[in-house]
Amino acid sequence: VWTPENIIEESVRNIRRQVGKDKVLLALSGGVDSSVVAALMHKAIGDQLTCVFVDTGLLRLHEGDQVMATLARHMGVKVIRVNAAERYFDALKGVTDPEEKRRIIGHLFIEIFEEEAKKLEDVKWLAQGTIYPDVIESAAARTAKASLIKSHHNVAGLPETMRLKLIEPLRELFKDEVRKIGLELGLPYEMVYRHPFPGPGLGVRILGEVKPEYAEILRLADDIFISELRKHELYDQVSQAFAVFLPIKSVGVMGDERSYDYVIALRAVETTDFMTARWAQLPYEFLDTVSRRIINEVKGISRVVYDVSGKPPATIEWE
Ligand code: XMP
């Protein structure tokens with residue numbers, strides 16, 4: 001019978017049999033799949049596993065610290081955190097095209113990951129959080145965007161160039177099964193049931209050129225939106241929600257003074273497959289609360305708008 005305990009027990013046996021005494025490397029993104037692989041592999045082979053977590057500067061508020069607190073400090077997983085924000089912002093300077101941004105972010109990730117991997121000795125395996133739907137999807141015809149998504153998220157191509165063998169312990173599991181295993185392994189509910197977050201992160205939620213000061217503003221606004229969703233028990237009712245930074249200025253009044261600041265767009269959607277989606281009809285009162293908080297608390301923002309576009313024709317992300 002399928003129970004999380006059974007699956008974990010069997011996976012642990014398989015992992016041990018497969019890798020023996022070899023060392024294993026894992027690119028930890030902080031997302032559900034790679035976190036569950038990290039916890040599972042750690043249970044199976046302990047310190048033979050090393051994770052590399054790249055802080056791109058394009059993560060959400062406190063995300064890097066949370067990953068380190070949960071996996072490294074709390075669970076005892078060996079995690080190397082690479083603070084690469086400056087490299088990302090340098091590489092993205094002057095770049096405005098969304099696909100070009102994706103390409104740069106993806107390539108830089110692979111470059112940094114390879115640099116870290118080279119510092120480690122005798123690594124034989126690369127673990128990846130591929131799940132069953134990924135396997136199906138890569139067998140089917142894919143759009144350019146989808147293949148980019150994969151190439152960033154699952155670091156395709158890495159095992160060949162690094163001469164590593166690939167181990168994918170979640171390959172036969174669906175997302176809900178991965179989540180149940182995650183909980184059973186002791187990962188926090190909030191981490192296991194977090195909305196999806198794109199590989200390029202805030203890089204595609206800051207429209208046009210990505211600048212550190214924009215990322216700073218966006219992180220704060222996004223955190224207000226998400227924590228209010230949680231507080232009002234709306235988070236689990238929507239499939240994905242986030243803030244988008246618009247690098248355009250609009251006029252406002254703050255006290256007696258005129259302000260001239262940037263705009264934040266809020267996006268929340270309901271979907272089962274992410275191929276089509278409806279905009280979430282969040283209560284007006286709720287939107288009002290979020291808007292007031294963002295304008296009052298986040299310096300540099302004078303206007304908040306709510307995205308009422310369905311997919312299709314709009315995509316879920318703005319870029
Ligand atoms: P769109 O915007 O295409 O998004 O309607 C559908 C889902 O895919 C996510 N997404 C990405 N995920 N790398 C990723 O890992 C990407 O480049 C990327 N672009 C979109 C998006 O967040 C949504 O869940």
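Tutor: Start with a term. Buried area is the accessible area, taken with a 1.4 Å probe, that two parts lose on being put together, summed over both. The size of an interface is often given in this way.

Now the model itself. It is a predicted one. Its mean pLDDT is 93, and 93% of the residues reach 70 or more. One stretch needs care: over residues 141-151 the pLDDT is below 50. That stretch still has 14 contacts in the model beyond near neighbours in sequence.

Next, the two parts. Domain 1 covers 4-192, and domain 2 covers 205-306. Their C-alpha centres lie 28 Å apart. Domain 1 puts 14 residues into the contact, and domain 2 puts in 14 residues.

How much area do domain 1 and domain 2 bury between them? The figure is about 1,100 Å². Carbon and sulfur atoms hold 58% of that area. Look at the domain 1 side. Leu61, Phe89 and Lys101 lose the most area to domain 2 there. Together these residues make up 44% of what that side buries.

Now the polar side of the story. Between domain 1 and domain 2 the count of salt bridges is zero. Six residue pairs are in polar contact across the two domains, with both residues at pLDDT 80 or more. Which elements give two or more residues to the domain 1 side? They are helix H4 (85-92) and helix H10 (189-192). By class, that side has seven nonpolar, three polar and four charged residues.

Step away from the contact for a moment. Side chains of opposite charge can pair when their charged atoms come close. In the protein, the count comes to 22 salt bridges. One of them joins the side chains of aspartate 33 and lysine 175, at 3.1 Å from N to O. Aspartate 33 sits in helix H2 (residues 32-45) and lysine 175 in helix H9 (residues 175-184), so the pair ties together parts 142 residues apart in sequence.

Last, some backbone details. Most residues other than glycine have a negative phi, and most peptide bonds are trans. Aspartate 122 is not a glycine, yet has a positive phi of about 60°. Aspartate 122 lies in the loop between helix H5 (98-119) and strand S4 (123-127). The peptide bond from lysine 311 to proline 312 is cis, with omega near -15°. The bond from proline 312 to proline 313 is cis too, with omega near 5°. Proline 312 is in the segment after strand S9 (301-306), and proline 313 is found in the segment after S9 as well.

Methods
Residues are numbered from 1 along each chain as its sequence is written. Side-chain values use heavy atoms; hydrogens and water are left out. Domain bounds come from an automatic or database domain assignment. Contact means heavy atoms within 4.5 Å. A salt bridge is a side-chain nitrogen of Lys or Arg within 4 Å of a carboxyl oxygen of Asp or Glu. A polar contact is a pair of N or O atoms within 3.5 Å; within protein, one must be able to donate a hydrogen and the other to accept it, and residues adjacent in sequence count only if both atoms are side-chain atoms. Helices (H or I, at least four residues) and strands (E, at least two) are DSSP runs, numbered from the N terminus. Ala, Val, Leu, Ile, Met, Phe, Trp, Tyr, Cys and Pro count as nonpolar, Asp, Glu, Lys and Arg as charged, and the others, Gly among them, as polar. pLDDT is the predictor's confidence in each residue, from 0 to 100.
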